[in-house]
Structure formats: structure tokens, C-alpha cells
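Biologist: I would like to learn how to read a model of this kind, feature by feature. Could we go through it together, with the general idea and then the case at hand?

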Amino acid sequence: MVYALLAAEPLTDDTIHHYLTSKWLHKHAYLIVSTWGRPAVSLVYAPASHLGFFWCRMTSLAICLAACLYTFRLARETGLKYAWLAVPLVFFQTQFFRLSTDLLTEPLFALIIICAVRNFVRGKYNWAALQFSVSMAARPAGFFVAALFGIIMAVFALRGKLGHPKAAVMKLLPAGVLLASIPAIWNVAGAIIYGGGMRSSIHETAAGFLNGTYDLLWLSHSNAWDTVMFKYGSDGPLHYLILMPLVTGGCIMMLMIPGYLTLFKMRGVWIIPAVWTSFFVLHTFLRTSGLYASGGYARFFVSVAPLAGIMAVAGAARFATNLKWVPLTFLACVAFYVYLVPWITTFPFFKETYLLDSGNIVKIVWDKFLWIVVPATVVIPACWVFLSKRYGRQPGIRSSAKHVSAPIFAVICLVLPIVECITAVAPARQNATYQLIRDLGEWLRRERPELTEDLGSFRPRKTDAKLIFARYSLHMGKGWDPYDNSRFGTFSKEEIASLPKGSIIVWDSGFSKTEYRVTEKALDDNDRLESLTKFETRLGREQKFTLHVYEVVKQSPQKDG
């Protein structure tokens, strides 16, 4: 909660998009089934969005705490020692902590997945099927994870783990129906909403699917990534492996390595590392191929942070029984990042384009391993060995040695991960980009009141001019409905060409170029537009963010015609 109060700015424009979608879905039914907004996310945050962005942050915090709680319950039910460590080892993963007070899809997906995996481990396959089904409405990766669950259930049936064939069918049938239920409902609802609404009777509505009035495969045809399939390019297959210290933090990653191997050997809980591995392989493939505009963000792995937390708990239990695993794991990590990765990436197939120059590799290792993990893996175990030999003949067995090892274990598995997370995730109150957008909003109110003074009210409009811009950030805190097409338009070349005289266009150096492929030069060369003002701020030594405001000074030829 303190972090939410200190971090005054949203992390990304995706955050703002989800917030506005949740806030305005009661006025625009199509937002409920939006493939960009995700139905599960929009519906969960809808009540809080009307109270303000802070309460959406609190909703995210509640979701993250619930995910930690269910991770602890699963760790305890699987018989792992130190199951209570699941809560801090999930919550203080770097990216999970960062997103714990932001409005993105990953935390909700993480909660759904840990509940589904827990029910699977407990043998409650129908509940697991329903939860895997809901995950598809939270993030696109849910379709892949749900398919994995279906394959596992089919293999169980073929191997006789669900009983004789008749019993297996009776178990598979309801699980299959539940697994398909949420996407089926989503598909039907989307087809009806985008097909003009329901007809006068249920029979006429059902007939609409048969005669082509409604798109029977609406969900497949409404793929939000068709137009931006390869927009963010691609990287080599080591991309996420290199990012992993930034995802979980160096300490927790070290705990995960022995825990990963331990869980695969444990009866009945192999699905935990299996789901995590499949998620890793999926995103590595998408990033390597560039499919579905995969941006390669570290935050994607917040979706499986609870599973990583359980692996870390299993690793902590392994460290507790044999502390020699600690320096060995540390040395393996350093050897991989300092020596092996640069050598592998000399091969053309493994060439990386992001975060892989030698300076960045060294920086990652130094920031995430050396300064905080060296004490945990070298100095502390050395002290433990010295004190154990000094006060007990059999280190690790006599009570004196146990008293020495207990605080050391706590420092390695609890204190250092928390310190590392808090130092890595500092709340930023002043975001230069959003400050610039606020300045723009004030300028619009002052210079173009006819476009903004009646927004959010029931007063008649004084003009048919529109205000269009690529970033939803301008709507934050102003009560403007960004989905009101009579006031705002879609930032596209077609929309710009048809804008009436007096309309305002706000071009930005981010989304306008990357999302909508509209360049500043194209607007400068447009004789219908006149440049009014420009806002600029620096984001770094070589990068700046620009807002350029244009006014339509000539009537559109389409309007004249």
C-alpha cells in the first residue's frame, strides 16, 4: 500500500488502457468482449475503476496477496518444508512486486493459474478446467496453458490414471465442457455485440449464426495482433534466460534452480515446473519468431511468478539440508552469465539483439548477483562452516551448529531477496512523459475550450470538431470518455483524412509512430494541417519524448464532396 501511495504514475500506457476500458464498459458493450482489454480483467477492475485509479491499485494488491496465499497453501499441501517462505518468495520477486500495484493482466492471470494448478494437484480436475478456461479471458497465454491441460488429461485417460475407459470418459467430458466454456461464451457474446445485438427472440438469434448474420468464429477473426504481428521484431532464443535475474531477482533465481530439479522428482507436483517450462518455451518461441508482436518484456513472467515461488521454496529446503548447494549454484550462475552466454552468442543462430552487448551482461551480473549474492553464497556459508567447526564437531548436526545455520538460512532465503527487490524497484513519482501529457491537457483547456469544456457533461456540443491522439493517457483524471466517437477519433491515416475543420491532432513520438505508423513528417507535409505547438522532454541522454499539436485548417475533400 505504501508503494502504491509513493508510485503516483502508471507504469505503462497498457495500464491506462485497461483502466479506461474497465471504467467505460458500462457505456460501450463492445468493451466487455474486447480482445485488447480482456474480459476477465475488465470485469474484475470495473467496480474499482469508478472510484479512481488508486482503488484499482488496491484491487491489484489484493489479487497479488491472494496469489501469494494460494501459493503458500499449495506449497504446504505438497509437503514442502518452509512452505511459509512461499509468500515472501512470490511477493518480492522483482517484477511481481513492481506490478503488485499496477493495473495489468499478469497478476490476475497468475492468481488464476496458481488456483488451477492447485486444484489439478488435488485431483479436482473440473475446477482446474474451469479456472484454466477463465485464464484464456485474462491473457492470450491462457489458450496455450489450457491446451496443455487438455493434453495432460488426455494422456492420463490413455494411461488409465482416470480409471477404466467408461469412468475416464465421464471425467473427461465435464472437464472438456468446462475448459471450452469461457472462450465459447466470449465468442458468442462478441459475435452478437459486433453483429448488431440480439434479435427479438432467442430462435432468431440462434438462426443468425446459421445464416451468417453473426460471425461463428468471431474470436478467431478478432485477433488483436493481426495488424501488428511482427512490430517489435525478434531476439535470439536466450532472450528470457538473460532477463530472468531481472524477473525474479538474483537471490530467488538461485533458489529456483535446485527447486526446479527437486519438484520434477516429486510425485504429483511435476505439473508446477512443467507449466512454468511450457510458458518459458512458448514466450521464447514467440520472441524468437517475432509472432504476435511479442515485446520480450520481463513482466510477462509475472504470470507464472507463483510457480517460480514454489520452486524457490523447494530450493530453500534443499539449501537448508545442504548449504554446499549455495556456492555451487552461485558459481554456476556467474559462469553462465559472464562466460557461457557471450561465447554462445558468437554463433549466428544464437545472436541476440537486446540486452546482450558485453557491457549489459556485466551490468546484469553485477547488479543482480555480485553485490548482494556474494555475501549470501560465499561469506555467510564460510562463517557457518567456521562457527560450526568451532562450536560443534559435526557441522549441521549438533544443536550449536543448527543455531548458527538458522539465521544464515533466513538471511539467504528471506532477508536478501527482500532487500534486493526493494532496492531494485524504486517508486517513481515524477514521470516526465505523463507530466508532459498533463501540460498538454492544460494547454487544450486554455487554448481550445470548445473541444474540452463540455466533455463529461450533458451539455450540447458547440462544434463538430474532434480531438484525436494515440495515447490514452490524456483521458486520465479528466472524466473524458475516449470511446465517444463523436468527440474522439481513432489515430489513423484514414481518420486524419476525414477530420472536419477545427479538429486537433496530437502526434507523439511513441505510439503514433510504432502503433499507427504515422510520422511527424507526414503531418508536417499535409497542407490541411497547421502546427500549433510542441511539447518536448528528455527521457535519457539520447532519447526524447515529443508531443506535436496540429489543427485542421481546411475542410476535408470527403466532407466537401
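This is a predicted model: local features need pLDDT of at least 70, side-chain atom pairs count only at pLDDT 80 or more; totals for chains, interfaces and linings use all residues.

Biologist: Is Pro-500 buried or exposed, and which residues does Pro-500 touch, not counting residues up to four places away in sequence?

Modeller: Buried means under 20% relative accessible area, exposed over 50%, and partly exposed in between (1.4 Å probe, protein chains only). Pro-500 has 8% relative accessibility and therefore counts as buried. Contact means heavy atoms within 4.5 Å, and, leaving aside residues up to four places away in sequence, Pro-500 touches Asp-464, Ala-465, Val-552 and Gln-555. The C-alpha atoms of Pro-500 and Gln-555 are separated by 5.7 Å, although the two residues are 55 residues apart along the chain.

Biologist: What share of the residues in the protein is buried, and how many helices and strands does the protein have?

Modeller: Buried residues make up 52% of the 561 residues, and the protein has 25 helices and four strands. Among contacts between residues at least 6 apart in sequence, 72% join residues at least 24 apart.

Biologist: How should I read the sheet, and what is the order of its strands?

Modeller: Strands of a sheet pair through backbone hydrogen bonds, either parallel or antiparallel. Two strands pair here if DSSP finds at least two bridges between them. The four strands form an open sheet in the order S1-S2-S4-S3, with mixed pairing. Strand S1 (467-469) and strand S3 (529-538) stand at the edges, each with a single partner strand, so one side of each is left without a neighbour in the sheet.

Biologist: How many bridges join S3 to S4, and how many join S2 to S4?

Modeller: Nine bridges join S3 to strand S4 (residues 544-552), and these two run antiparallel; five bridges join S2 to S4, again in antiparallel fashion. To follow the pairing by residue, look at Thr-533, whose bridge partner in S4 is Val-549, at Thr-537, which stands opposite Phe-545 in S4, and at Asp-508, which stands opposite Leu-547 in S4. Eight of the nine residues of S4 are buried, so this strand is largely enclosed by the rest of the structure.

Biologist: How are aromatic pairs described, and how many does the structure hold?

Modeller: A pair of aromatic rings is described by the distance of the centres and the angle of the planes. Rings of Phe, Tyr and Trp (its six-membered ring) pair if their centres lie within 6.5 Å, and planes under 30 degrees apart count as stacked, over 60 as edge-to-face and the rest as tilted. The structure holds 23 aromatic pairs. In one of them, the ring centres of Phe-91 and Phe-96 are 6.2 Å apart and the planes lie at 70°, so the pair is edge-to-face. Phe-91 is buried, with a relative accessible area of 13%, and Phe-96 is buried at 1%. Tyr-125 and Phe-156 also form an edge-to-face pair, because their centres are 6.4 Å apart and their planes at 70°. Tyr-125 lies in helix H8 (residues 125-135) and Phe-156 in helix H9 (residues 141-158), so the pair ties together parts that are 31 residues apart in sequence.

Notes:
Residues are numbered from 1 along each chain as its sequence is written. Side-chain values use heavy atoms; hydrogens and water are left out.
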